[in-house]
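Please read these notes with the model open beside them.

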Amino acid sequence: MKKYWRSIEEYQAIQKQDIEKKEPEPEFSIEGMSDEEIKGKSNRRDFLKMLGFTIGYATIAASCETPVRKAIPYLNQPEEITPGVANYYASTFYDGHDYCSILVKTREGRPIKIEGNELSSISKGGTNAKTQASVLNLYDNARLKSPRKNGEKTDWASIDKEIIAELEKLSAESKEIILLSSTVISPSTRQLISEFSKKYKNVSWITYDAVSMAATHQANKINFGESFIPTYNLKNAKLVMGFNADFLGTWLSPVEFTKQYSAARKLLNGETSMLRHVQFESTYTLTGGAADDRIPIKPSEEGILLLNIYNYIAAKTGTTTYNAPNTSVDYKAYAEELLENKGKAIVFSGTNDLNIQLICNGINALLNNYENTIYTAKRYNFKQGDDQAIEKVIAKIKSGAAAVVHYNVNPVYDSPKGAAYKEALDKVGLKVSLSDTMDETASVCTYVCPDHNYLESWNDAEPQTGIYSTQQPTIKNIFDTRQVQDTLLKWMGKDPVFSDYLETYWEKNIYPKQSTFTTFKSFWNQSIHDGTAVLETKFKSLKFKPANLKAPEYNINGAELVLYEKIGLGNGKYANNPWLQELPDPITMSTWDNYVCVSVAFAKANSLSQEDVVSVNGKFELPVLIQPGLAKNTIAIAIGYGRTRAGKVANKLGQNAFGLIYEKDGFKSLLGNSIKISKIEGKTYPLALTQEHHTMEGRSLVRETTLDKFLKNPASGNEQHAIDQAKNTTLYTKPKFTGFQWGMNINLNACIGCGNCVISCQAENNVAVIGKEQVKNRRIMHWIRVDRYYSEDEENPEILHQPVMCMHCDNAPCENVCPVAATPHSGEGLNEMAYNRCIGTRYCMNNCPYRVRRFNWFEYANNKDFDYNMNNEVGKLVLNPDVVVRSRGVVEKCSSCIQRIQEKKLDAKKENRQLRDGEIKTACQQSCPADAIVFGDLLTPDTEISKLNKNPRVYNLLEHLHTLPSTSYLTKIRNKKS
């Protein structure tokens with residue numbers, strides 16, 4: 001199998017030879033200037049004189065000093081690489097928590113962009129923000145450049161020799177060796193670990209997940225006799241009822257669920273029904289914002305509510321009921337709905353509590369949901385961790401375990417027993433970490449053997465029973481790292497080439513299970529090419545065995561605590577990724593921090609204001625963020641912050657809330673703990689929010705209706721469109737286009753507001769990271785913003801999301817105010833930006849009613865004050881060479897990915913054919929997990945975008961201004977129970 005890559009050393013050599021290095025010119029600054037100088041001591045005439053002299057001098061100097069640019073050709077050009085043309089390679093993103101089948105876009109062997117793999121039967125071309133941002137992790141300067149011993153650099157030969165000798169000694173002495181890993185879904189790696197365990201006797205392989213689903217495994221073992229997580233099919237369901245499960249955001253398989261969810265709710269092909277979604281939750285999640293009905297409940301109410309729903313259904317179906325405390329939640333109507341959708345419903349909970357999971361299983365069994373919408377034989381292989389893993393390791397160390405090897409885990413940081421674990425490790429002779437960074441756990445290990453980034457690695461995955469995906473390297477390892485599997489092979493005394501091991505494994509174990517290919521080589525090559533393989537698997541469903549049910553009991557002392565994962569940051573593994581830190585949370589619209597979320601009522605009752613600082617259980621301090629929609633007397637805090645050894649971006653950012661995890665009956669849950677907060681008088685902490693207005697203030701920016709009204713009148717909720725169209729009379733003629741007129745449509749009934757498009761656009765278009773201080777100053781550079789609006793009910797508001805980018809108006813108010821014509825209108829309906837013509841007057845920004853233009857207040861590249869990926873040679877490798885990096889004083893905005901438009905037009909020209917509809921996909925469109933975005937030619941009547949623009953639900957943002965946007969929206973429809 002060919003390996004298509006070039007090393008970072010080659011790129012750096014080419015870069016150094018291509019352009020002669022020059023000392024950077026000093027930045028203009030007003031620091032130290034007097035008021036007279038700042039206000040303008042020189043008059044206009046002096047300015048023009050100086051301008052003339054400067055231009056003349058610059059012309060002479062440029063002619064004398066411009067460095068020679070040398071093109072460095074390939075000595076032996078790889079046959080698969082054409083300079084300037086991207087290559088794509090199918091691969092897999094899996095970090096122990098999130099999974100996605102992907103395509104990796106490379107330029108001259110350099111990965112620059114992640115796309116979804118449309119051949120995957122799971123993710124189906126979608127991604128999430130973490131997957132999109134993962135390409136930047138490859139170029140993170142915090143990655144280890146070489147193996148370490150006691151914190152000092154060493155070489156692989158030395159470290160291997162010492163570790164192998166120690167392993168052989170411990171094995172001969174029958175001393176226990178512990179391998180602590182996150183959930184491994186690679187079947188070949190699992191076999192390799194088993195072989196490693198046989199090579200060295202007394203190896204204990206323990207699986208640990210920072211955010212666990214151990215209670216689900218145990219509940220299914222009780223009800224079905226086997227430990228597993230079932231798969232769910234939302235497309236087959238008519239009703240989904242979630243309990244503290246953010247299944248569109250962070251729970252289990254959010255990309256897959258978003259695909260299914262949006263497909264069941266688009267209403268574009270004459271459907272008369274759509275999936276109904278009811279969400280009970282304690283904090284406001286992305287999933288709750290998308291729900292038709294959202295009911296806030298305290299964590300202590302969840303189990304009681306579920307048991308009452310179970311008893312109601314059981315009584316109606318003649319089944320045994322159980323003693324349940326009364327609940328204040330009006331649940332009977334929802335229980336009736338479940339009965340009405342028997343066999344077509346899904347009930348699940350994201351709470352890691354055994355009693356709650358048993359009740360959910362019982363409800364689904366009563367409704368005959370198993371094997372109709374929930375499958376017991378086709379299973380997820382995620383989240384196999386043991387909630388007592390860390391306690392078991394500590395106990396084994398006390399009992400004499402002599403070695404601990406850490407693989408893709410960081411328990412010193414993300415375990416509530418982190419301090420005790422760190423103390424226990426001091427007593428271990430052989431402490432090894434396979435982390436690619438010197439994280440909190442690696443920093444207390446004797447040896448650190450850094451793993452490759454996944455984009456440098458071979459691997460495979462089995463995310464669901466019978467569904468496989470492959471992972472291949474897209475670049476030679478940048479640093480002196482080594483793939484974990486190669487490391488294990490080396491320590492076993494075998495040839496450390498995991499790619500050969502992987503291929504052999506597939507030949508022996510995967511290939512015999514398929515019947516399509518007659519030779520293994522053809523099967524293997526096709527699997528690598530497609531990135532996925534689905535085997536013909538016969539599933540045998542399991543029989544449900546009822547269990548005694550009871551609601552969990554909580555000892556509440558103070559407010560109730562909800563810990564949660566942010567959409568971008570998750571469990572904090574990639575906290576050093578600045579793209580994710582600066583991604584606005586889709587609910588709070590905050591960046592760069594975690595905080596204490598309190599409801600409006602709680603804030604009033606406790607005299608708390610936004611940005612007040614409170615002490616949390618006397619352990620640490622956090623600012624207050626007032627969040628409408630939280631349950632009564634409930635407080636929410638995001639995990640994933642408070643890193644101390646992640647890197648310069650993440651270190652000491654926020655507070656580590658993992659120590660607040662609720663532990664009971666052997667399970668660890670993000671919900672259920674008590675919390676006490678006390679205001680620190682006179683102390684505040686500024687939060688970097690991207691939006692501080694929370695309602696539409698009477699304007700119909702996001703238009704919505706209900707399903708019942710829509711079925712009676714497809715234009716329901718969009719009545720303003722006809723009124724605005726009637727008012728829009730003008731003396732000016734609408735521009736006429738003869739070739740193409742590009743347009744975009746966003747289906748607000750599909751969009752969930754996840755922010756994936758924001759990161760996808762940032763990666764594609766080299767959008768700069770500006771840091772917390774500049775975000776606070778309202779200078780965020782994202783070309784797409786996802787606005788979030790609340791309804792008027794401040795205690796339980798509904799949420800509306802709306803992605804907003806440049807509208808590419810045909811009557812653009814920005815164009816006619818630019819004094820240098822830097823923002824012209826193209827012959828294809830695009831509002832363009834000529835960066836080298838822009839002089840930064842910002843008249844266009846002031847005249848844009850959509851507020852989608854961004855101004856470079858500073859030089860964000862090569863500037864130590866903005867020390868992110870654009871300020872180091874490694875980080876710059878992520879930049880897209882098709883898009884210029886903007887300089888200070890320039891306005892920028894969405895270009896509708898003009899580079900992609902040009903690429904596909906040239907492809908069609910070379911092939912002597914017309915462009916096909918859907919061939920051009922913008923970055924935001926291609927990666928959207930909800931398929932909410934459509935882009936195409938408005939001039940051709942049969943294109944998808946033209947058909948959508950004739951839909952009675954279609955409207956333009958602020959269309960009464962007669963700006964004639966080329967971007968349109970479809971009204972949002974909620975399936976309310978009448």
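1. Buried residues account for 60% of the 978 residues in the protein. Here buried means under 20% relative accessible area, exposed means over 50%, and partly exposed lies in between, with a 1.4 Å probe and protein chains only.

2. On the source: this is a predicted model, in which local features need pLDDT of at least 70 and side-chain atom pairs count only at pLDDT 80 or more, while totals for chains, interfaces and linings use all residues. Residues are numbered from 1 along each chain as its sequence is written, and side-chain values use heavy atoms, with hydrogens and water left out.

3. The protein has 28 helices and 40 strands; these are DSSP runs numbered from the N terminus, helices being H or I with at least four residues and strands E with at least two. The radius of gyration is 29 Å, close to the 30 Å of the globule rule for 978 residues, so the protein is as compact as a globular protein of that length. That radius is taken over C-alpha atoms, and the rule is 2.2 Å times the number of residues to the power 0.38.

4. Among contacts (heavy atoms within 4.5 Å) between residues at least 6 apart in sequence, 73% join residues at least 24 apart.

5. A search of the whole structure finds 16 cavities of 30 Å³ or more. A cavity is a set of points, on a 1 Å grid over the protein atoms alone, where a 1.4 Å probe fits but cannot get out; lining residues have an atom within 4 Å of a point. Grid points are joined across faces, edges and corners, and a volume is the space filled by probe spheres set on the points.

6. The second largest cavity has a volume of about 560 Å³. Of its 44 lining residues, Thr250, Leu563, Tyr564, Glu565 and Leu670 are the closest to its centre. Strand E20 (559-564) and strand E27 (667-669) each supply at least two residues of this lining, and E20 gives the largest share, 3 residues.

7. Asp931 is partly exposed, at a relative accessible area of 36%.

8. Leu964, also not a glycine, has a positive phi of about 55°. Its loop runs between strand E38 (954-955) and strand E39 (967-970), and Leu964 is partly exposed at 22% relative accessibility.

Definitions and conventions. On a 1 Å grid over the protein atoms alone, a cavity is a set of points where a 1.4 Å probe fits but cannot get out, and a pocket is an open set with protein on both sides within 12 Å along at least five of seven lines; lining residues have an atom within 4 Å of a point.
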